[in-house]
There are 2 protein chains.
Amino acid sequence: MTVADVARSANVSKATAARVLGGYGTVSDKIREQVTTAASALGYRPNELARSMTTGRSGTIGVIVGDIENAFFSLAVRGISDSARNAGFNVIIANSGEELQAEKSAIDLLIGRRVDGLIVTPSDCRESDHLSDAIRVGVPLILFDRTIPALQVDAVTGADREAAIAATRHLQDFGHRQIAYITAKEGAVGEFFTNEYQLPTSSVLGRVEGFLATQSANGVLDAHQLVRLGATDQKHTDAVVSHLLNGSAPPTAILASDSLVGLQVLRSLHALGMSVPEDISIISFFNADWTTVTTPPITVVDQPVYEMGRLAAERLIARIDGSGGPAEHTRLQTSLISRGSVGRPK
Amino acid sequence: MTVADVARSANVSKATAARVLGGYGTVSDKIREQVTTAASALGYRPNELARSMTTGRSGTIGVIVGDIENAFFSLAVRGISDSARNAGFNVIIANSGEELQAEKSAIDLLIGRRVDGLIVTPSDCRESDHLSDAIRVGVPLILFDRTIPALQVDAVTGADREAAIAATRHLQDFGHRQIAYITAKEGAVGEFFTNEYQLPTSSVLGRVEGFLATQSANGVLDAHQLVRLGATDQKHTDAVVSHLLNGSAPPTAILASDSLVGLQVLRSLHALGMSVPEDISIISFFNADWTTVTTPPITVVDQPVYEMGRLAAERLIARIDGSGGPAEHTRLQTSLISRGSVGRPK
DNA sequence: CTGAAAGCGCTTACAG
DNA sequence: CTGAAAGCGCTTACAG
């Protein structure tokens, strides 16, 4: 069922039928009536593909997230979707699995389907060619949760450095000096932070830098040795935590880089028979659901993720609508929600 | 940059350029070479919209879920996506928020964008017009997690009735007779199950029926009075749980209809100072992450959600590829994972 | 207010 | 193996 079919059935020209079906131009009430009844009788559904092709707009924005199963990203997607729907845009979601190749092909796919704009959480902040390609083609782009220094482009992130500083200070205030920072970035068991090239996501790097600066200010100069990689899944996290706890200077507190890591670390500690916060303290990034139902509940860095999503979508839509000006980096403040998982060191 | 641009730059006809760019037909190696170099020099990107329009296929399947923030659905989406990607399909996700209107417009949107097929978790199993419209238009459709009796269409669901029977028996085996079943379906505080029209999703209805049959077989004839609606969010769940526990015959065990309800119920119980399983036992549907880190961990009905997603996508793709035969309803068995949240009634 | 023609960027027969 | 033409279903000027 096409415009032509409806036109024929309503005894008008294709152009006229298209005007009422597409809701543009002016048509007399009588003819409008004829066309709409014909359309519903025939069960006409507009072909949005054809529409996009002639108008050059699809009314759709593409979102590429690292892992849709991570509650952080699903919450962000809700923020983005709510905002987008409000402005009359639809959202297409793609998953990169934090892999650069998948991210690249998702971008190709979405640009191929002519999205009006793109929100991306770049899986590797040192790779920008595929993103600058997108910009060159003229697709507005917003970076989400992470920035790419080499790229002059809008970004919406959390204030990661400050968040880590606040969390680290909180632990220091309880008397902790031996604090471990654990992230999911792939790495061998026992591998610790020595240089920034190990951490491809700017948000994690920012947190680690905030953590190290705060430890250093407290006189802990070898803090980087307790910044550990490799908490990619439960098995690896178990190994990382065991290695840490069996080391020469075991940590009295752990900072988990995201809520997946936090959950895994907690499971590892349970498996080792350690009590929180009696044996060890823990703070996790992201105020995930589960952090409130553990015993004790977990102290978290609360990131305004929904709001970040909303802002990213608003910014993108402004760009789509032609808003000019230089690239902006919006950094949203976080807050620490103190619950029961932090105590004095043993 | 279009096929025409590349053709001009490579000194060949549009048709020839299109052949190498589109990867169809036969072209000599020499010309292929010319065209590909011209294409990459110009930064050509195929317009998938135009491609879909002429071929009539978009290589995309649409998925409409009730709530992407619910881990049940994100896991299903991963199963669907993995399966789809394997078969060369892309996935567009839309969220209905369990609202029929949103579901309808999502279907319109996706059909408008000419997806090759649709996987839908119908928010109301008594409404089928919008879905039979889709079928009439010729879009293959798979129902996910829920069926619509009025519709002859493929469906992939869990074995909900049997799952509820197993969970209820498990509680009965511990000596429980006063068992409450709590669902998120909107309802007044204290509202209990009297007829099937209260429950628009077939999966929940199936569970409730299994629960009631099992209770009845155990001589509990008024079990329906403890089937409670209204656990839509934390506040309402608190009210539902309080009302239940302050009633004349308070339950000694609770069956939570999904993991969101389970989490909320657990919070309500914590807030009331009740201990699990000493004061009350609990079983939740869906083996969510958080159920393993509570104290005690929660006994759950483990639904093979990833597998359900995979199967739904496979079935859909088979239909898209023209596989015939009558509609099939695939019901996947669940298993009970016994952890520490069930004990003897107080 | 209505209509005829051209065009969006591809693919699909049909010739050669 | 290569090319010219038509067509997918719309919208966009341009006439009348």
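# A tour from sheet to DNA

Select chain B and find its open sheet of 6 strands, ordered β7-β6-β8-β9-β10-β12, with mixed pairing. Because β7 (227-228) and β12 (335-337) of chain B are edge strands with a single partner strand each, one side of each has no neighbour in the sheet. Strands here are DSSP runs of E with at least two residues, helices are runs of H or I with at least four residues, and both are numbered from the N terminus. Two strands pair if DSSP finds at least two bridges between them.

This is a predicted model: local features need pLDDT of at least 70 and side-chain atom pairs count only at pLDDT 80 or more, while totals for chains, interfaces and linings use all residues. Residues are numbered from 1 along each chain as its sequence is written, and chains are lettered from A and ligands numbered from 1 in the order in which they are written.

Stop 1: Select residues 179-182 and 253-256 of chain B. These are β6 and β8, parallel over 4 bridges. B:Ile179 has B:Ala253 as its bridge partner. Next, show β9 and β10 of chain B, which run parallel and share 3 bridges. There, B:Ile283 is partnered by B:Thr299. B:Val300 stands opposite B:Ile337. Strands of a sheet pair through backbone hydrogen bonds, in either sense.

**Stop 2: a helix across the sheet.** Select residues 160-173 of chain B. This is α8, which lies across β6, β8, β9 (281-285), β10 (299-302) and β12 of chain B. Its direction is at about 165° to β9(B). Axes are lines fitted to C-alpha atoms, for helices over the stretch in contact, and angles run from 0 to 180 degrees between N-to-C directions.

**Stop 3: another sheet.** Stay in chain B. Which order do the strands β2-β1-β3-β4-β5-β11 form? They make an open sheet of 6 strands in that order, with parallel pairing. The edges are β2 (90-95) and β11 (329-332) of chain B, each with a single partner strand, so one side of each lacks a neighbour in the sheet. From one strand to the next, the twist averages 15°. Pick β4 (141-144) and β5 (154-158) of chain B: 3 bridges join them. B:Ile142 stands opposite B:Asp154.

**Stop 4: the two chains.** Show chains A and B together. 34 residues of chain A contact 34 residues of chain B. Contact means C-beta atoms, placed from the backbone, within 7 Å. On chain A, the elements giving two or more residues to this side are α4, α5 (71-86), β2 (90-95), α6 (100-112) and α11 (259-271). A rotation of 180° with 0.1 Å of shift along its axis superposes chain A on chain B (RMSD 0.1 Å). The two copies are thus related as by a two-fold rotation axis. Superposition is by least squares on C-alpha atoms of residues with pLDDT of at least 70 in both copies.

**Stop 5: the DNA.** Select DNA strand D. Of the 26 residues around it, A:Val3, A:Gly22, B:Ala15, B:Thr16 and B:Thr26 come nearest. A residue is near a strand if its C-beta atom, placed from the backbone, lies within 6 Å of it. Then select DNA strand C. 26 residues surround DNA strand C, and the closest are A:Ala15, A:Thr16, A:Thr26, B:Val3 and B:Gly22.

Technical notes. Contact = placed C-beta atoms within 7 Å.
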